[in-house]
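Here is a short report for a first look. Please keep the sequence and the model side by side while reading.

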Amino acid sequence: MKPECSEYKKVLAKSLAEDLAPGERQSFEEHLAACPDCQAERASYLRTLELMQSVEDKPVPRHFFVPAGNPRLNPWDLFRMLQPHWQVLAAAAACLFIIVSIGWATSLRRSENDVAALKKDILKSMEEKNRADRTAWLREVRAEIERSRTDLTQEQQARLSAAIARLDSKFAGQLRKGEALAKSDNELMAAALYQVVVRQRAQDLNYVNLRFNSMAANSAVKDQQVDVMLATLLQAAELSVK
Amino acid sequence: MTGEKMRNPIGDHDQDRLWVSASQKGDAAAFNRLVLKWEKTVYNVALRMLKNPEEAAEATQEVFLLAFRSIGRFRKDAKFSSWIYKIVINYCITCIKSRPRGVHLPLDDGSDTTNPIGFLQVAGTQNGDLLRSETQMLISTALARLLPEQQAVIELKFFQDLTFEEIAGILDIPLSTIKSRLYAGLEVLKARLGNGYLAGWRELS
């Protein structure tokens with residue numbers, strides 16, 4: 001085989017597909033006429049083509065039909081129609097989309113949950129603080145009354161207890177209202193009211209304590225004084241629930 | 001190309017066009033006329049690509065279902081033949097590539113099956129049918145040596161007699177790529193089919 005034959009081998013295949021430029025064809029035909037190797041190669045190609053031409057189409061094993069109706073192409077069919085490398089891309093894009101969607105949905109949900117949880121926590125802690133303050137105050141008042149009870153007459157004790165009970169129930173009602181308000185949307189107003197109540201209650205307690213202290217100092221307590229004290233106490237209670 | 005011969009149905013594209021536009025309105029009967037006209041072509045493309053009659057029949061059915069489902073997107077100025085070739089070729093390439101690795105290569109121990117001295121003495125004895133089936137088998141074995149992409153080009157160029165431009169439109173790849181695949185594929189086929197023993201025996205029989 002001549003050295004230039006390797007060059008002409010490529011041209012040979014092109015000539016069979018009738019894909020030669022005019023100049024190329026002329027030099028190829030000249031070479032072919034003088035080269036037995038390339039002639040043999042060409043014969044080999046021609047036999048191959050002849051064999052392939054001899055292949056006849058087989059009859060179909062059965063007839064094919066599509067069912068009536070108007071089926072829509074679903075995404076899966078579309079995916080199957082794609083070339084393999086596009087399939088890979090499509091699959092990657094679908095995965096990315098799903099991941100991003102899930103991430104987005106989760107973050108959205110989390111922030112919503114966070115705000116709701118925070119609101120709940122604030123309301124709960126406010127409620128707890130209200131309750132604790134109230135019970136502590138009542139405990140202090142009761143303790144004070146117990147301490148000074150020995151100094152009072154039966155009648156005075158009963159009136160004092162009744163007054164305290166009334167006060168207690170009034171405050172409880174007031175606190176329930178406060179709690180209800182705190183639960184409502186207008187949390188700022190509830191908080192402000194709560195502050196006022198707390199301040200007032202501290203003043204009241206202070207006043208009651210002073211009174212009880214002076215009562216304790218004076219062993220001979222006059223009914224009048226007790227009356228005045230009770231009136232003051234009631235007055236304070238009235239004032240605080242306004 | 002030597003010995004031009006039309007394997008695809010007579011190019012009555014106007015008739016195809018009428019059936020296509022009826023199919024696009026959901027007329028399954030019109031589409032089934034297209035199926036009847038093209039089923040042999042589609043089946044034989046699939047048979048040569050997949051080398052298995054059951055798989056080829058299944059592929060043919062799938063190809064027509066896919067075509068019917070997506071007929072709405074078929075452009076009116078396109079040829080139905082090009083479109084159906086595109087679907088069947090892509091379907092077969094996907095099928096071959098989704099097979100377990102190595103299965104698309106024939107079970108070939110490398111022995112020279114193109115030397116038929118042994119079996120043709122039996123097969124070729126005054127029996128044209130048997131010889132024809134041997135020839136088919138040899139060609140099928142030779143085709144199986146090709147890459148799926150080379151097979152697609154060989155199929156469209158040599159078995160369907162399409163032009164390079166038509167093939168480029170169907171496979172959606174540049175002309176230069178089609179030509180290089182064709183010549184590479186042809187060389188593989190020549191190595192297995194071009195040694196002349198078989199042609200010699202054909203003349204004898």
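## Burial and the cysteines

A residue counts as buried when its relative accessible area is under 20%, and as exposed when that area is over 50%. Values in between count as partly exposed. This is a predicted model.

Is B:Cys92 buried or exposed? B:Cys92 has 0% relative accessibility, so B:Cys92 is buried. A:Cys95 has 46% relative accessibility and is therefore partly exposed.

How many disulfides does the structure hold? Over all chains, the number is zero. A disulfide needs two cysteine sulfur atoms within 2.5 Å. For B:Cys92, the closest cysteine sulfur belongs to B:Cys95. The distance is 6.2 Å, which means the pair is too far apart for a bond.

## Chain B in outline

Chain B has 10 helices and zero strands. Its pattern along the sequence is α-α-α-α-α-α-α-α-α-α.

The chain has 205 residues, and 52% of them are buried. Now take the contacts in chain B between residues at least 6 apart in sequence. Of these, 69% join residues at least 24 apart.

## The nonpolar cores

The largest nonpolar core has 83 residues. Which of them touch the most other members? They are B:Phe31, B:Phe64, B:Phe80, B:Ile154 and B:Leu171. Helix H2 of chain B, residues 28-50, gives the most to this core, with 13 residues. There is also a second, separate core. This one has 15 residues, including A:Val141, A:Ile145, A:Leu167 and A:Phe212.

## Two helices of chain A

Two packed helices are described by the angle between their axes and the distance between the axes. In chain A, consider helix H2 (residues 22-34) and helix H3 (residues 36-54). Their axes come within 6 Å and cross at roughly 105°. Angles of 65 to 115 degrees count as roughly perpendicular, so H2(A) is roughly perpendicular to H3(A).

Which residues meet here? From H2(A) come A:His31, A:Leu32, A:Ala33 and A:Ala34. From H3(A) come A:Pro36, A:Cys38, A:Gln39 and A:Arg42. The residues of this contact divide into five nonpolar, two polar and one charged.

Key: Residues numbered from 1 in each chain as written. Chains lettered and ligands numbered in written order. Predicted model: local features only at pLDDT ≥ 70, side-chain atom pairs only at ≥ 80, totals over all residues. Heavy atoms only, no water. Buried < 20%, exposed > 50% of the residue type's maximum accessible area, 1.4 Å probe, protein only. Core = buried A, V, L, I, M, F, W, Y, C linked by side-chain atoms within 4.5 Å. Helix = DSSP H or I, 4+ residues; strand = E, 2+ residues; numbered from the N terminus. Axes fitted to C-alpha atoms, helices over the stretch in contact; angles between N-to-C directions. Parallel < 35°, antiparallel > 145°, perpendicular 65-115°, else oblique. Contact = heavy atoms within 4.5 Å. Nonpolar A, V, L, I, M, F, W, Y, C, P; charged D, E, K, R; others polar.
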